[in-house]
Amino acid sequence: MASAQPSSRAATSPTYFFTFGDSYSQTGFSASGTQPSAAAPMGNPDLGIGTTTNGPNYIGYLTTKENASLVLSYNLAAGGATIDNALIPAYPGDVAAQLRLFEDVYSSKPASAPWTSKNAVFGFWIGINDIGNAYATTNAETYTPRLIARLKKQVAQIHAKGGRKFLFLNVPPTSRSPFFLDQGNATVAQHAAYLATYNRNLKAMVEEFKKEHKDVTTVFYDSWSYMTKVLDNPTAYGFPDATCINDDGTSCIWWNNYHPGMKYHLLQAEDMKAQMKVLGGW
């Protein structure tokens, strides 16, 4: 791994990478377990454990491989998460709960994570389950603004605690996952339309947040466009087709019928890295 900085500085000036999201981001990190360090930047569990890829996901790769200096990962994402269970009931561990955990453990900048506004990055990849659980029963034009408004308040919580660097990922085209393809064209079209509205409103929220907070640095990563490129031309990325599933995480785009494998996550992390330089450790 090439270092963009002298190793002594990399060792003393890490990028503290706090992430929030769902199963596409989860690593099974426990805030009460072994904390990230230069020797073990993921903290707990070991790299590649606790994901839905059969190996590392994009967070693991951005922390250990696709980085230019030391990155420490504090990943509070939880499988099945929505923005707020009060709006879209789902599993425990919604982003609202993830933020409460951050407030309880890390907002005070403890010795386990002595972050500052300059060296901390806060990443959000959320919406897959909000859309999946709501597209059939709510109207996208009226309901996705409610979801995005709640997310904006959550981001503002981080800003109030000193967060100034933010990463946002929009929702990938999960309409094209085998899970939805098996449900037929009408369902795929309905889900895709809802997803497009969500993504449009998310992008508008990020732009609005930047205008309201002149002191922030933001990266908006278009995972929808990147995954679409891969699905449209899978052989160019080393995959046989756009729909095969293999739980080895590398032979196919899909690890199961709803989650891409570790090879896809590595490709996405490689694509993200160039855009993330502005945030610090990349």
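Predicted model: local features only at pLDDT ≥ 70, side-chain atom pairs only at ≥ 80, totals over all residues.
A residue counts as buried when its relative accessible area is under 20%, and Phe122, with a relative accessible area of 0%, is therefore buried.

**Aromatic pairs**

- The count of aromatic pairs comes to 26, and one of them is the stacked pair of Phe18 and Phe122, whose centres are 5.2 Å apart and whose planes stand at 10° to each other.
- Tyr226 and Tyr237 form an edge-to-face pair, with 6.3 Å from centre to centre and 80° between the planes.
- Tyr226 lies in helix H8 (residues 223–232), whereas Tyr237 lies in the loop between H8 and helix H9 (262–276), so the pair ties together parts that are eleven residues apart in sequence.
- Tyr226 is buried, at a relative accessible area of 6%, whereas Tyr237 is partly exposed, at 21%.

**Lysines over aromatic rings**

- The charged end of Lys109 is placed over the ring of Trp115, at 4.0 Å from the ring centre.
- Lys263 lies over the face of Phe239, where the distance to the ring centre is 4.8 Å.

**Contact of helices H3 and H5**

- Helix H3 (residues 95–105) and helix H5 (residues 140–160) have axes that come within 11 Å of each other and cross at roughly 10°, and because angles under 35 degrees count as roughly parallel, H3 is described as roughly parallel to H5.
- On the H3 side the contact is made by Val95, Ala96, Leu99, Phe102 and Glu103, and on the H5 side by Arg150, Gln154, Gln157 and Ile158.
- By residue class, the contact of H3 with H5 divides into five nonpolar, two polar and two charged residues.

**Surroundings of Ser112**

- Ser112 is found in the loop between H3 and E3, and with a relative accessible area of 26% it is partly exposed.
- Leaving aside residues up to four places away in sequence, Ser112 touches Gln35, Tyr74 and Tyr106.
- Ser112 and Ser37 are 75 residues apart in sequence, while their C-alpha atoms are 8.7 Å apart in space.

Terms used:
Residues numbered from 1 in each chain as written. Heavy atoms only, no water. Phe/Tyr/Trp six-rings, centres within 6.5 Å; stacked < 30°, edge-to-face > 60°. Buried < 20%, exposed > 50% of the residue type's maximum accessible area, 1.4 Å probe, protein only. Helix = DSSP H or I, 4+ residues; strand = E, 2+ residues; numbered from the N terminus. Lys NZ or Arg CZ within 6 Å of the ring centre and 35° of its normal. Axes fitted to C-alpha atoms, helices over the stretch in contact; angles between N-to-C directions. Parallel < 35°, antiparallel > 145°, perpendicular 65-115°, else oblique. Contact = heavy atoms within 4.5 Å. Nonpolar A, V, L, I, M, F, W, Y, C, P; charged D, E, K, R; others polar.
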